[in-house]
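Please read the following report alongside the coordinates, and keep the chain in view while going through the text.

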Amino acid sequence: MSQVKENDTVRVHYTGKLSNGQIFDSSLDREPLEITLGQGMLIPGFEKGVVNMKVNEKKTITIPVAEAYGEVQKELFHEVKREQLPQDMTPEVGMGLASRNPDGSEVQFRIAEVHAEHIIIDANHPLAGQDLTFDLELVEIK
């Protein structure tokens, strides 16, 4: 039986959990994730975890921060004056925001703090600074 190697296209079911056991994403209620390894589309630890798996194999991997979304970067926190926000918006901690770059691409933010005159936004990935655990099941090697 063949095993997954670099540059293979695979289909895999996964359930991602935080270190406290909270599930943050799962493919179990939809189609398996289809990905070609080596394209940089997944966090490095996920790709490493899939390599050498066989079809129908199941395993659990733990991905350290460095091979997931990295450490929280303080320079990605920014102050935004309340007058720059839409007038009908009531900012709350944890609320997601989006902004467009001049090239048309979109940047996602999360509100980290709310103050009388300003808010602090966080442009880090929501899973930055966390070790992640994935339950994997290799469905197919294409």
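The report moves from the overall fold to the largest pocket, and then to a few individual residues.

**Overall fold**

The model described here is predicted. The protein holds 1 helix and 9 strands, and, read from the N terminus, these elements follow the order β-β-β-α-β-β-β-β-β-β. Along the principal axes, the C-alpha trace of the protein extends over about 60 × 35 × 30 Å. The radius of gyration of the protein is 19 Å, whereas a compact globule of 142 residues would have a value near 14 Å. Of the 142 residues in the protein, 35% are buried.

An unreviewed UniProt entry places the feature "domain: PPIase FKBP-type" at residues 7-101. Within this model, the span of residues 7-101 is 7% helix and 36% strand, and its end C-alpha atoms lie 32 Å apart.

**The largest pocket**

Which residues line the largest pocket? The lining consists of Tyr14, Phe24, Asp25, Leu33, Met41, Leu42, Ile43, Phe46, Tyr69, Leu127, Leu132 and Phe134. Sorted by class, the lining has 11 nonpolar residues, no polar residues and 1 charged residue. The space in the largest pocket comes to about 190 Å³.

**Individual residues**

| Pair | Apart in sequence | C-alpha to C-alpha distance |
|---|---|---|
| Gln84 and His118 | 34 residues | 9.0 Å |
| Asn56 and Leu136 | 80 residues | 9.7 Å |
| His78 and Pro126 | 48 residues | 15 Å |

Gln84 sits in the loop between strand 5 (77-81) and strand 6 (96-100), and Gln84 counts as exposed because its relative accessibility is 59%. Asn56 belongs to the loop between helix 1 (44-50) and strand 4 (58-63), and with a relative accessibility of 56% Asn56 also counts as exposed.

Is His78 in a strand or in a loop? His78 is found in strand 5, and its relative accessible area of 38% makes His78 partly exposed. When its neighbours within four places in sequence are left aside, His78 is in contact with Ile119, Ile120 and Ile121.

Most residues other than glycine have a negative phi. Asn7, by contrast, has a phi near 75°, a positive value in a residue other than glycine. Asn7 lies in the segment before strand 1 (9-18), and, at 53% relative accessibility, Asn7 is classed as exposed, since exposed means over 50%. Asn52 likewise has a positive phi, with a value near 80°. The place of Asn52 is in the loop between helix 1 and strand 4, and, with a relative accessible area of 47%, Asn52 is classed as partly exposed.

Definitions and conventions. Residues are numbered from 1 along each chain as its sequence is written. This is a predicted model: local features need pLDDT of at least 70, side-chain atom pairs count only at pLDDT 80 or more; totals for chains, interfaces and linings use all residues. Side-chain values use heavy atoms; hydrogens and water are left out. On a 1 Å grid over the protein atoms alone, a cavity is a set of points where a 1.4 Å probe fits but cannot get out, and a pocket is an open set with protein on both sides within 12 Å along at least five of seven lines; lining residues have an atom within 4 Å of a point. Grid points are joined across faces, edges and corners, and a volume is the space filled by probe spheres set on the points. Ala, Val, Leu, Ile, Met, Phe, Trp, Tyr, Cys and Pro count as nonpolar, Asp, Glu, Lys and Arg as charged, and the others, Gly among them, as polar. UniProt positions are given in the numbering used here, feature names are shortened, and annotations may be inferred rather than shown by experiment. Helices (H or I, at least four residues) and strands (E, at least two) are DSSP runs, numbered from the N terminus. The radius of gyration is taken over C-alpha atoms; the globule rule is 2.2 Å times the number of residues to the power 0.38. Buried means under 20% relative accessible area, exposed over 50%, partly exposed in between (1.4 Å probe, protein chains only). Contact means heavy atoms within 4.5 Å.
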